[in-house]
Structure formats: C-alpha cells, structure tokens
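Dear colleague,

Here is the structure you asked about. My notes on what was found in it follow below.

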Amino acid sequence: MMSIVYMLVLAKLCSISLSFVTHRTNIQRKICNLNLAGNADAAIGEYKKSNPSVTPGSRYDVSEKDLVASFNALATALKSETDALEAVKAVPGVLVVPAATMKANFAIYEEKFGFDQAVGVVKRNPNIMQVRTTGYGSAETVGPETVYLSYVVAFTRPIGGFLLAGLAFLLSYPTIAGFLDK
C-alpha cells in the first residue's frame, strides 16, 4: 500500500506543470529519472548475481557501461523498462548482447510477428536476442515455431536442469524403445 502511495507521489512530482516554472531543477530531474536508474541498477545486480566470478576475456566479461547500454537498448526496443527488467531476471546473460545486435534483432522480430507478439517472445525467451541478425539460423530465419517454442522455454525454465533432462528422456523414450525392439 505504501509503495502505491509512493509511486503516486512520484508520478505527481514528475508531472508538475511547467507553466509557472521556466525549467526543472536538478532535483526534479533526478526524481523523474529514479525509475530508469533503479531498473538499470536492478538489471546489473541480476547479472552480477548470476555471474559472480567472470573470467577475464570471456564473453561475460563486459563493462558496466556496456551492460547499461544493453539494458537501455532492450528497454527501448520493448518500449518498457519493466518488461526489459523481467527479461533480464529470466535470463541475466541477455545483457552481454551488444546494443546494436539487440536493436536489429528486435526490429526483425517486430516485422515478422508484430510488436506485441515480439515483446511476448522476448520476455518468455530473452535468449532469442543472442542469435545472429543475418545468415543461417539467424533472426531473419525465424518462423511461427519460434513463438510456440518461447512458451515451452518459459514453461520449462523453472523446472531446472535435472527435471528437464528427465522430461527429455520421457519424451524420447518411444524412439529409444523403437530402436531397441529391432
């Protein structure tokens, strides 16, 4: 309840009419930008929590500046910092994708699926932003199966590796049994 009141007060402060004031003060600017800084900081926190010890020179050895740029590119593409933060919480490694690749890939997904469906796919399976933009197996070659598989990915992510391997075995059992019967 208190956080709702806080958000309403914050929204009111951000929407103060400028008819009586010629420009905003630095304090007002900081208050209005708290949400962006908070979401970017939360996203970087998620990334650092999932990658506590990064090997220098690895693909996960990314500067904080690049992490913020990737988060901002994702938030701009999705047109929502909340959706971008949700995607980062699902797969923190999405922040290692260069901002230019993220923008180009999302533009292709938006063209193929429409904006709302592209946002849904990225929120359910943020790893889709890590594919190449052009060429074989790239963002250009995605089809409707990508949307369907994003639901599968989102459903199975909380299950965990061990149970997911068990599920794969159960699904492949008829094939394995067919080969063994011959």
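Predicted model: local features only at pLDDT ≥ 70, side-chain atom pairs only at ≥ 80, totals over all residues.

Lys79 follows H4 and has a positive phi, near 60°.

The buried residues of H4 are Leu67, Ser70, Phe71, Ala73, Leu74, Ala75, Ala77 and Leu78. An α-helix has 3.6 residues a turn, so residues three or four places apart point the same way.

The largest nonpolar core has 32 residues, and the members touching the most others are Phe71, Leu74, Phe106, Tyr109 and Met129. At least two core residues come from each of helix H3 (34–50), H4, helix H5 (81–90), helix H6 (99–113) and helix H7 (115–124). H4 gives the most, with six residues.

As for Met129, with neighbours within four places in sequence left aside, its contacts are Leu74, Val94, Val97, Thr101, Met102, Asn105, Phe106, Tyr109 and Val122.

The surface has a nonpolar patch of about 750 Å², made by Phe155, Ile159, Phe162, Leu163, Leu164, Leu167 and Leu171. Helix H9 (residues 161–181) supplies the largest share of this patch, five residues. In soluble globular proteins, nonpolar side chains tend to be buried together.

Regards

Key: Residues numbered from 1 in each chain as written. Heavy atoms only, no water. Buried < 20%, exposed > 50% of the residue type's maximum accessible area, 1.4 Å probe, protein only. Helix = DSSP H or I, 4+ residues; strand = E, 2+ residues; numbered from the N terminus. Patch = residues over 30% accessible without salt bridge, like charges linked within 9 Å, V, L, I, M, F, W, Y side chains within 5 Å. Areas by Shrake-Rupley, 256 points an atom, 1.4 Å probe, with all protein chains shown as cover. Salt bridge = Lys/Arg side-chain N within 4 Å of Asp/Glu carboxyl O. Core = buried A, V, L, I, M, F, W, Y, C linked by side-chain atoms within 4.5 Å. Contact = heavy atoms within 4.5 Å.
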